[in-house]
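Q: I would like to go through a structure with you in short questions. Could you put it on screen, please?

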Amino acid sequence: MDALTGAGRAEASVDCRPDLGAAGYAYRDDTGGRLLICLSDRPFPVPERTEAPIGTRGAGLMRLRGVVVLCSRSPHTALVLGADESLVRQAATALDLI
């Protein structure tokens with residue numbers, strides 16, 4: 001990724017985990033590829049079975065409304081989101097999330 005295009009922090013109530021705080025970082029590369037990386041001190045709620053499990057520590061990949069969502073390995077405190085699966089995997093690998 002070439003450039004950080006935005007960052008922010010939010011508190012939200014997600015499923016049964018109220019007040020899940022997360023920081024989000026938006027990136028864009030020189031070809032227009034975009035990623036959103038979300039980090040939290042608490043685990044994100046993830047489905048028990050992902051579309052594409054990665055490794056033995058629970059990392060997984062799923063698609064939701066045209067967005068590829070990669071959840072980091074346990075304890076699931078990071079998400080990488082984007083339209084391009086290859087770019088999402090590349091970023092997760094570079095950040096040592098899978």
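This is a predicted model: local features need pLDDT of at least 70, side-chain atom pairs count only at pLDDT 80 or more; totals for chains, interfaces and linings use all residues.

Q: What is the mean pLDDT of the chain?

A: The mean is 78, and 70% of the residues reach 70 or more. Here pLDDT is the predictor's confidence in each residue, on a scale from 0 to 100.

Q: How many bridges join β6 to β5, and how many to β7?

A: Strand β5 (residues 59–64) is joined to β6 by 5 bridges, and the two run antiparallel. On the other pairing, 4 bridges join β6 to β7 (residues 78–82), again antiparallel. Two strands pair if DSSP finds at least two bridges between them.

Q: What stands opposite Val68 in these pairings?

A: Arg63 stands opposite Val68, and in β7 the bridge partner of Val68 is Gly82.

Q: How many residues lie between the strands in the hairpin of β5 and β6?

A: There are 2 residues between them. Arg65 lies in that loop and has a positive phi of about 50° although it is not a glycine. Arg65 is also exposed, with a relative accessible area of 79%.

Q: And how many between β6 and β7?

A: That hairpin has 6 residues between its strands, and His76 in the turn takes a positive phi of about 60°. The loop also holds Pro75, and the peptide bond from Ser74 to Pro75 is cis, with omega near 20°.

Q: Is Ser72 buried or exposed?

A: Ser72, found in the loop between β6 and β7, is buried, with a relative accessible area of 4%. Leaving aside neighbours within four places in sequence, Ser72 is in contact (heavy atoms within 4.5 Å) with Gly58, Ala59, Thr77, Ala78 and Leu97.

Q: Changing topic: which residues touch the most other members of the largest nonpolar core?

A: They are Leu35, Leu70, Val80 and Val88, in a core of 14 residues. Elements giving two or more residues to this core are β3 (34–39), β5, β6, β7 and α1 (85–94). Helix α1 gives the most, with 4 residues. Apart from this core lies another, of 7 residues, among them Met62, Val69, Cys71 and Leu79. A nonpolar core is a set of buried Ala, Val, Leu, Ile, Met, Phe, Trp, Tyr and Cys residues joined through side-chain atoms within 4.5 Å.

Q: What does Val80 touch?

A: Not counting residues up to four places away in sequence, the residues touched by Val80 include Leu35, Val68, Leu70, Val88 and Leu97.

Q: How many salt bridges does a search of the whole structure find?

A: The search finds 3. A salt bridge is a side-chain nitrogen of Lys or Arg within 4 Å of a carboxyl oxygen of Asp or Glu.

Q: Which parts does the pair of Glu85 and Arg63 tie together?

A: The closest N and O atoms of this salt bridge are 2.2 Å apart. Glu85 lies in helix α1 and Arg63 in strand β5, so the pair ties together parts that are 22 residues apart in sequence. Glu85 is partly exposed at 24% relative accessibility, as is Arg63 at 42%.

Q: What else forms a salt bridge with Glu85?

A: Arg89 does, with the closest N and O atoms 3.0 Å apart. Both residues lie in α1, 4 residues apart, about one turn of the helix. Shared partners join Arg63, Glu85 and Arg89 into one network.

Q: Which residue forms a salt bridge with Arg73?

A: Asp96 does, the closest N and O atoms being 3.4 Å apart. This pair links the loop between β6 and β7, where Arg73 lies, to the segment after α1, where Asp96 lies, 23 residues apart. Asp96 also has a positive phi of about 55° although it is not a glycine.

Key: Residues are numbered from 1 along each chain as its sequence is written. Side-chain values use heavy atoms; hydrogens and water are left out. Buried means under 20% relative accessible area, exposed over 50%, partly exposed in between (1.4 Å probe, protein chains only).
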